[in-house]
Amino acid sequence: VTVNASPVVTVNGATAGTVHRCSGGNAILLEEGGAQQYWWTPEIGLSYLGGPFVEASPAATTTYTVTGYDANGCSGTATVRVKVDISPS
């Protein structure tokens, strides 16, 4: 019996954190772990759901989860909060 470890999944260099963006702009989210396939949720404000690199432009602060799958079907997850900052006038 072989027990495979789950892949370590990180977003923008951390397993959990906050990315800031100005209202009307985009935040770049990059999965930097060791998985081979990725799925992002929720889909609100995301440019793409099934890859290691997405642009997030939610209207309000949103927490995203990325799940990474390795070749054995094992999975790991990470979350990132995209905080929408009010642009100065």
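**Figure 1. The whole chain, from one end to the other.** Of the contacts in the chain with a separation of 6 or more, 53% are between residues 24 or more positions apart; a contact here means heavy atoms within 4.5 Å. What you're looking at is a predicted model, in which local features need pLDDT of at least 70, side-chain atom pairs count only at pLDDT 80 or more, and totals for chains, interfaces and linings use all residues. Residues are numbered from 1 along each chain as its sequence is written, and side-chain values use heavy atoms, with hydrogens and water left out. The chain has 0 helices and 6 strands, where helices (H or I, at least four residues) and strands (E, at least two) are DSSP runs numbered from the N terminus. Walk along the sequence and you get β-β-β-β-β-β. The C-alpha trace spans about 60 × 20 × 15 Å along its principal axes. Out of 89 residues, 33% are buried; buried means under 20% relative accessible area, exposed means over 50%, and partly exposed is in between (1.4 Å probe, protein chains only).

**Figure 2. A look into the largest nonpolar core.** A nonpolar core is a set of buried Ala, Val, Leu, Ile, Met, Phe, Trp, Tyr and Cys residues joined through side-chain atoms within 4.5 Å. S6 gives the largest share, with 3 residues. As a bit of background, nonpolar side chains tend to be buried together in soluble globular proteins. Now zoom in on Leu46: setting aside neighbours within four places in sequence, Leu46 is in contact with Leu29, Trp40, Val54, Glu55, Ala56 and Tyr64.

**Figure 3. Strand S5 with its partners S3 and S6.** Two strands pair if DSSP finds at least two bridges between them. S3 and S5 run antiparallel and are joined by 5 bridges, while 8 bridges join S5 to S6, also an antiparallel pair. Follow Thr65 and you can see both pairings: Thr41 stands opposite Thr65, and Thr65 stands opposite Thr79 in S6. Further along, Gly68 has Gly76 in S6 as its bridge partner. In the hairpin of S5 and S6, there are 5 residues between the strands, and Gly73 takes a positive phi near 85°.

**Figure 4. Two threonines of strand S5, Thr62 and Thr67.** Which of them is buried? Thr62 is, at 14% relative accessibility, and Thr67 is buried too, with a relative accessible area of 15%. The side chain of Thr62 reaches the backbone oxygen of Ala60 at 2.8 Å. That's a polar contact: a pair of N or O atoms within 3.5 Å, where, within protein, one must be able to donate a hydrogen and the other to accept it, and residues adjacent in sequence count only if both atoms are side-chain atoms. Leaving out neighbours within four places in sequence, Thr62 is in contact with Pro42, Val80, Arg81 and Val82. By the same rule, Thr67 is in contact with Gln37, Tyr38, Trp39, Ser75, Gly76 and Thr77.

Figure 5. The structure holds 1 salt bridge, which is a side-chain nitrogen of Lys or Arg within 4 Å of a carboxyl oxygen of Asp or Glu. In general, side chains of opposite charge can pair when their charged atoms come close. Lys83 is partly exposed at 27% relative accessible area, and so is Asp85 at 23%.

**Figure 6. Cysteines Cys22 and Cys74.** How many disulfides are there? The count comes to 0, using the rule that a disulfide is a pair of cysteine sulfur atoms within 2.5 Å. Cys22 is partly exposed, at 43% relative accessibility, whereas Cys74 is buried, with a relative accessible area of 17%.
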